[in-house]
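Reader: I have the sequence and coordinates open and want to go through them with you. Can we start with the chain contacts and then move on to the folds?

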Amino acid sequence: MASDDVWILGINMTKFGKHKDKDYLDLASEAALAALADGGVGVKDMGVLAAGCLMMSAAPVAQSIQKQIGQTGIPAYNVSNACATGATALRVAYLTVKSGEADMGLAVGVEKLAGAGLLAGGARKADGDAWERSGRYGAVAPVDGRIGTETMPGVFAQIGMEYGHKYGGANFELFAEISRKNHFHSTLNPLAAYTKEMTLEEIMGDIMIAYPNTRPMCSANCDGAAAAVVVSESKLRTLSKEQQRRAVKISASILTSDPYQEACQVLPDVNTLTRMAAKQAYEKAGIGPSDLDLVELHDCFATAELVHYDNLMLCEEGGAVDFFKSGATWRTGRLPVNVSGGLESKGHPIAATGIANIWEICHHLRGEAGPRQIEGAKVGLAHVIGLGSACGVHVLEKSGLA
Amino acid sequence: MTADKPRQIPFVDYLELGDSPHLVAHECKACGARFFDRRNACASCSGTEFVRKPVPTEGELRTFTIVAFAAPGIPVPFVSGVIDCGGTSVRANVVNVPADPEHVKLGMKLRLTTFPIGKDGEGVEAINFGFEPVA
């Protein structure tokens with residue numbers, strides 16, 4: 001008797017980095033076709049398509065992808081949810097299958113970001129001739145830089161420093177050490193945008209972007225795509241033994257938005273909604289943080305990784321500094337985090353990220369991660385945060401079928 | 001108004017100038033949640049009535065960053081922070097202190113200060129606020 005669980009049947013990510021000769025549709029098509037091939041199915045088997053490309057969010061991204069891989073008349077959803085766009089696209093396909101409306105679906109996330117500079121806060125109108133109030137603060141000129149910062153490195157720097165203020169022990173060197181871990185991990189990932197090991201001195205001595213985040217402690221803007229095929233369990237049971245063996249169970253697919261908290265209007269609160277998503281995910285999956293074999297979390301900046309150890313309950317509340325210092329999150333540690341290299345070295349093509357992190361987990365659960373394989377991995381968690389805010393958490397389990 | 005005293009306006013409409021400059025929040029009548037921007041309804045309780053409440057001008061630095069890369073026209077480095085002013089969180093630049101981690105410390109006591117940021121074509125001066133160390 002099949003349950004109503006939804007599984008990942010096929011999944012793929014492109015090489016992240018600079019793809020000068022490919023546009024976003026080339027990258028999206030490459031990932032989508034490879035995910036279908038990985039699952040041993042075709043576009044005609046799909047009952048739904050959900051796709052996102054944040055920089056193209058006014059365009060019919062999903063339908064444009066269909067024109068490259070097959071126009072079959074199925075419902076196509078264009079998804080935009082900041083850095084959680086990929087996870088949201090996957091969840092749309094997941095929910096469609098869960099509801100019984102389709103037995104298979106495709107989710108795609110893609111971005112062309114190589115060479116992009118600071119995100120958010122950078123765009124502004126020139127100061128005018130006569131002061132004129134605009135916006136909900138009634139400001140006479142852009143507030144970014146004049147009343148605090150709205151740039152991403154600065155916002156996430158403050159999020160990490162706030163944790164340090166609350167619990168102590170977090171300083172520039174500790175955040176840089178987190179970055180050193182992820183850059184070290186990236187040396188084993190051929191699809192990462194940057195695969196260079198860096199010393200603590202190199203990281204701390206690099207260009208300062210927003211203290212304490214230097215350049216290698218920031219996620220790398222790059223090009224890339226990722227795609228996943230989801231399938232209902234009843235359909236999966238009609239497929240080949242090999243497909244069933246390689247399929248990965250989605251034990252929880254959770255999406256939250258930020259609930260009201262004092263201060264969330266002046267500094268985004270990425271903590272509360274992540275903790276909520278994690279709690280719901282553990283409850284839904286019937287597993288706890290101690291059952292996890294590996295985690296891919298949203299290290300858009302080194303300062304963010306620290307707070308998410310706590311938010312995802314990988315450590316005791318307030319214990320993220322000691323948890324990291326114990327060595328737990330290195331690939332040889334008790335609970336490896338970001339063995340892909342994380343956003344700081346693998347790269348962060350925004351809408352692709354929320355599927356690429358799931359690809360990484362699947363790769364290990366299938367035992368196909370080669371030299372960076374976490375031996376015996378059975379359960380993994382993938383987390384993304386999109387400022388605004390949206391948090392996606394997926395718990396994935398190795399197939400017990402076939 | 002005289003020729004040597006330019007007309008001044010606050011940079012944002014939640015800054016009140018005058019003899020003792022301070023910030024003013026929209027406080028939800030039902031639940032007390034405070035907002036600096038205009039709201040249609042309260043994000044905490046959905047109440048639709050707000051009253052204007054002055055915010056304490058002294059507080060403690062709860063977090064900060066030192067921004068080295070910013071939009072054109074913004075002098076760098078500058079210190080951005082969140083100041084806890086008697087339970088109301090305020091976002092602001094920390095000013096009148098060297099922008100380095102030796103001088104800017106978490107938990108330091110700060111107070112509101114105001115300064116001109118420029119004049120428009122009609123000679124009207126816009127006044128912004130920041131927080132400076134309490135001497």
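Reader: Which residue is the bridge partner of A:Ala210 in β6(B)?
Author: The bridge partner is B:Val67. Keep in mind that this is a predicted model.

Reader: How many bridges join strand β5 of chain A to β6(B), and which way do the strands run?
Author: There are 2 bridges between β5(A), residues 208-211, and β6(B), and the two strands run antiparallel.

Reader: What does the contact between the chains take from each side?
Author: Chain B puts in 41 residues and chain A 38 residues. On the chain B side, the elements giving two or more residues are β6 (58-67), β7 (78-85), β8 (88-94) and β10 (125-133). The largest share, 6 residues, comes from β6(B).

Reader: And by class, what is on the side of chain B that touches chain A?
Author: That side has 24 nonpolar, 10 polar and 7 charged residues.

Reader: I was looking at A:Arg146. Where is it found, and what does it touch?
Author: A:Arg146 is in the loop between β4 and α4 (152-167) of chain A. Leaving out residues up to four places away in sequence, A:Arg146 touches A:Ala141 in its own chain, and B:Phe11, B:Asn93, B:Ile117 and B:Asn128 in chain B.

Reader: Why does A:Arg146 count as buried?
Author: A:Arg146 counts as buried because it has 24 C-beta neighbours inside 10 Å, and the cut-off is 20 or more.

Reader: OK, chain B. How many helices and strands?
Author: Chain B has 0 helices and 10 strands. Its C-alpha trace spans about 45 × 40 × 30 Å along the principal axes.

Reader: What fraction of chain B is buried, and what about contacts between residues 24 or more positions apart?
Author: Of the 135 residues in chain B, 33% are buried. Taking the contacts in chain B with a separation of 6 or more, 44% are between residues 24 or more positions apart.

Reader: Back to chain A. What is the strand order in the open sheet of 9 strands?
Author: The order is β3-β2-β4-β7-β1-β8-β11-β10-β9, with mixed pairing. The edge strands are β3 and β9 (294-296), each of which pairs on one side only. Neighbouring strands are turned by 25 degrees against each other on average, direction ignored.

Reader: Which helices pack on that sheet?
Author: α2(A) is one of them, touching β2, β3 and β4 of chain A, with its direction at about 115 degrees to that of β2(A). Another is α9(A), residues 271-285, which touches β8, β10 and β11 of chain A and makes about 150 degrees with the direction of β8(A).

Reader: Which residues of α2(A) are buried?
Author: In α2(A), residues 61-69, the buried residues are A:Val61, A:Ala62, A:Ile65, A:Gln66 and A:Ile69. Seen down the helix axis they fall within an arc of 140 degrees, so they line one face of α2(A). Their cover includes α1 (24-39), β2 (49-52), β3 (76-78) and β4 (104-111) of chain A.

Reader: What follows α2(A)?
Author: A:Gly70 does, and its phi is positive, near 140 degrees.

Reader: Now β11(A). Why is it described as largely enclosed?
Author: Because 9 of the 9 residues of β11(A), residues 390-398, are buried. Both faces are covered: the buried residues include A:Ala390 and A:Leu396 on one side and A:Cys391 and A:Val395 on the other.

Reader: What does β11(A) pair with?
Author: β8(A), residues 248-257, is joined to β11(A) by 9 bridges, and β10(A), residues 379-386, by 8 bridges; both pairings are antiparallel. A:Leu255 has A:Gly392 as its bridge partner, while A:Gly380 stands opposite A:Leu396.

Reader: How many residues lie between β10(A) and β11(A) in the hairpin?
Author: There are 3 residues between them, and A:Gly388 in the turn has a positive phi of about 145 degrees.

Reader: Last topic, α5(A) and α10(A). At what angle do their axes cross?
Author: The axes of α5(A), residues 172-186, and α10(A), residues 302-311, cross at roughly 90 degrees and come within 8 Å. That makes α5(A) roughly perpendicular to α10(A).

Reader: Which residues make the contact?
Author: From α5(A) they are A:Phe175, A:Ala176, A:Ile178 and A:Ser179, and from α10(A) they are A:Ala302, A:Thr303, A:Glu305 and A:Leu306. By class they divide into 5 nonpolar, 2 polar and 1 charged.

Definitions and conventions: Residues numbered from 1 in each chain as written. Chains lettered and ligands numbered in written order. Predicted model: local features only at pLDDT ≥ 70, side-chain atom pairs only at ≥ 80, totals over all residues. Helix = DSSP H or I, 4+ residues; strand = E, 2+ residues; numbered from the N terminus. Buried ≥ 20, exposed ≤ 12 C-beta atoms within 10 Å, placed from the backbone. Contact = placed C-beta atoms within 7 Å. Pairing = 2+ DSSP bridges. Arc of directions from axis to C-beta. Nonpolar A, V, L, I, M, F, W, Y, C, P; charged D, E, K, R; others polar. Axes fitted to C-alpha atoms, helices over the stretch in contact; angles between N-to-C directions. Parallel < 35°, antiparallel > 145°, perpendicular 65-115°, else oblique.
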